[in-house]
Amino acid sequence: MAKSTSQKLKLVYLMQIFLEYTDEQHRLTMPELLSRLSACDIEAERKSVYEDIELLRAYGMDIIGERAGRNYEYYLGSRQFELAELKILVDLVQSAKFLTAKKSGELIRKLETLCSHYEAGQLQHQVHVSERIKTENESIYYAVDIIHQAINSGVQIAFQYFNWNIRKEKELRRGGTLYRVSPWALSWDDENYYLVAYDGEAGELRYYQVDKMLKVELTDLPREGREFYEKVDPAAYTRKRFGMFNGREETVTLYCSNHLAGVIVDQFGRDVAMFPADQEHFNARVHVALSGQFFGWVMALGEGVKITGPPGVVEQMREEAGRLSERYRE
């Protein structure tokens, strides 16, 4: 690089040095700053670097200079993200099932650029969950982007949808025929991404697991189902479903042991209707989409929870329990 060109980039290189090589535990003296600039083929005098530091401060960088013995040590105090915040983001990226292992790695490396070189090492130590289940659908990253485009543009999308068969092979549903739906929102549940969309043929809102969507593309058809989506509180709608399985919606009464109050609140939110039944139990009225997953959730709580109404749901629970009992009696 020509000397004149590199000199013009002095301020940029100095900013990069502060971003990459300084934090509260790692500071640089003026001789060390000059040495790092020299390694970038930039010769500078102390006075000009002092002026550059003031320019960077005026730009908004929190460059701190503190006396240490006979010298001053400089470092970048605050950043856009705290290290603790980046650790949370790294764990979220790594644990997200809908991201492939490759894409998770790429995103984590980008997050590392938001902290110093030394703090990035701590982020690497944070990554200890690489054996978690990850999707193999590399295209999901771009599918999410297309879905957002469709939501912002108010158009429908088309895609293929698949399930896994017993040979661990993708098996297209509907024989590969395209699904055409109106996307309204993306929802996060159990570390998976789901599309909330209106299915015009079925005349209802449905959920689609995004990592099982293939060849997602925009259409020129206007989006439908606004009247259905506007009646829904997305957070409450998600709480009604267990594992995002659809089913007939019902208001169900649960007779629960007092020690399970936290479990009920965690599942249905603080607005759930709860009132004492006796000294050791309370009743909870919850709105759910009836499915095998809901009945399985109730069974998992054992003797602590019992469905007491409405009668039709009690009968469904009895049939489900009987079916499972018979299954294991065989």
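Ser 257 counts as buried because its relative accessibility is 12%, where buried means under 20% relative accessible area, exposed over 50% and partly exposed in between, for a 1.4 Å probe and protein chains only. This serine belongs to strand E10, which covers residues 249-257. Apart from neighbours within four places in sequence, Ser 257 is in contact with Glu 280, His 281, Phe 282, Glu 303 and Gly 304; contact means heavy atoms within 4.5 Å.

## Basis of the description

The model is predicted, so local features need pLDDT of at least 70 and side-chain atom pairs count only at pLDDT 80 or more, while totals for chains, interfaces and linings use all residues. Residues are numbered from 1 along each chain as its sequence is written, and side-chain values use heavy atoms, with hydrogens and water left out.

## The protein as a whole

The protein contains 13 helices and 13 strands; these are DSSP runs numbered from the N terminus, with helices (H or I) of at least four residues and strands (E) of at least two. Of its 330 residues, 41% are buried. Among contacts between residues at least 6 apart in sequence, 63% join residues at least 24 apart.

Strand E2 (residues 63-68) pairs with strand E3 (residues 71-76) in the antiparallel sense over 6 bridges; pairing requires at least two bridges found by DSSP. Gly 65 stands opposite Tyr 74 of E3. The two strands form a hairpin with 2 residues between them, and Gly 69 in the turn has a positive phi of about 70°.
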